[in-house]
Amino acid sequence: MTPTTLNYQLAAEVLAAHPGYCRGVVVVRGADNSRAAPALAALLREAEAGLREAVRGNVAEHERIAAWREAYRRFGAKPSEHRAAIEALARRVLKPDQLPSINPLVDIGNIVSLRHLLPAGVHPLGVGENRLALRHARAGDGFAPPDGGPAEAPPGGEIVFADGARVLTRRWTWRQAASTQTLPETTQVFFNIDGLPPTPREAVLAAMDDVRALVREHTGGEVVAAQLLSSEQPAMALGLGG
């Protein structure tokens, strides 16, 4: 059986341009993502209600949203056209809309995002070598849009999350590629949880704790690693066997 390895890096140029940024990474194996989890749907409704209480007035002016809008401007993205994932999610809830229950792992990402007002994305962890990096786009990168459109080449300077030359997420947290769907049969994933100042690192750590607890309770999955990456520790490596 092919062993799975994970090598994960926050690029120096991203950390230099966005001082104080950190990313929590939680790696999960053995999750049962196919079983019904009605309790998660209830928690999703609670998280939506909590966000509506926490965010009043113009959502773009909330400090945790405004930080992402400024970060996007720094690398040349227009935040009114390409909203960070947490702003898009918050605006949808504040319409108000109810988020659909997709599957347990996706629901957990949405619950944690809303509870903490932080981007919390989930990605399947591929078998074999995973060479993950949050970095600036470069020549040869390719992104497969989730709508099935033609492949895209992100412009230089855009912050992307990539596995080698395969871009998994464009514009930092904006849109995941078609190949990154977490499906009912997915058992092995990692969560990314992002914190930009003025969000304290303690908030990211609390969100990571939430992911751990929800995964164990509602999917039976094993959390095999949880690491806060930052300028002090910008990389992690993990071998998961076959």
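**Entry 1: Arg171 and its surroundings**

I began with Arg171, which, leaving aside neighbours within four places in sequence, is in contact (heavy atoms within 4.5 Å) with Tyr72, Phe75, Ala77, His82, Glu158 and Ile159. The model is predicted: local features need pLDDT of at least 70, side-chain atom pairs count only at pLDDT 80 or more, and totals for chains, interfaces and linings use all residues. Residues are numbered from 1 along each chain as its sequence is written, and side-chain values use heavy atoms, with hydrogens and water left out.

I located Arg171 in the loop between strand 6 (166–170) and strand 7 (175–176); helices (H or I, at least four residues) and strands (E, at least two) are DSSP runs, numbered from the N terminus. Arg171 counts as buried at 12% relative accessibility. Here buried means under 20% relative accessible area, exposed over 50% and partly exposed in between, with a 1.4 Å probe and protein chains only. I also found Arg171 over the face of Trp174, at 4.7 Å from the ring centre. For such a placement, NZ of Lys or CZ of Arg must be within 6 Å of the ring centre and within 35 degrees of the ring normal.

**Entry 2: Trp172**

I noted that Trp172 lies in the loop between strand 6 and strand 7. Its phi is near 70 degrees, a positive value in a residue other than glycine. Trp172 is buried, with a relative accessible area of 1%. I found one aromatic cluster formed by Trp172 with Tyr21, Trp68, Tyr72 and Phe75.

**Entry 3: the core and Tyr8**

Which residues have the most contacts inside the largest nonpolar core? I listed Tyr8, Val27, Trp172 and Phe191, in a core of 70 residues. A nonpolar core is a set of buried Ala, Val, Leu, Ile, Met, Phe, Trp, Tyr and Cys residues joined through side-chain atoms within 4.5 Å. A second, separate core of 5 residues includes Ala137, Phe143, Val160 and Ala177.

Rings of Phe, Tyr and Trp (its six-membered ring) pair if their centres lie within 6.5 Å; planes under 30 degrees apart count as stacked, over 60 as edge-to-face and the rest as tilted. Tyr8 and Phe161 form a tilted pair, 5.5 Å centre to centre with 35 degrees between the planes. Tyr8 is in strand 1 (residues 5–10) and Phe161 in strand 5 (residues 159–163), so this pair ties together parts 153 residues apart in sequence. Tyr8 is buried at 1% relative accessible area, and Phe161 is buried at 1% relative accessibility.

The rings of Tyr8 and Phe190 have centres 6.2 Å apart and planes at 85 degrees, so I recorded the pair as edge-to-face. Phe190 lies in strand 8 (residues 189–195) and Tyr8 in strand 1, so the pair ties together parts 182 residues apart in sequence. I also saw the charged end of Arg23 over the ring of Phe161, 5.0 Å from its centre.

**Entry 4: backbone**

I looked up two cis peptide bonds. The bond from Lys95 to Pro96 is cis, with omega near 5 degrees, and Pro96 is in the loop between helix 4 and helix 5. The bond from Pro197 to Pro198 is cis, with omega near 15 degrees; Pro198 is in the loop between strand 8 and helix 6 (201–219).
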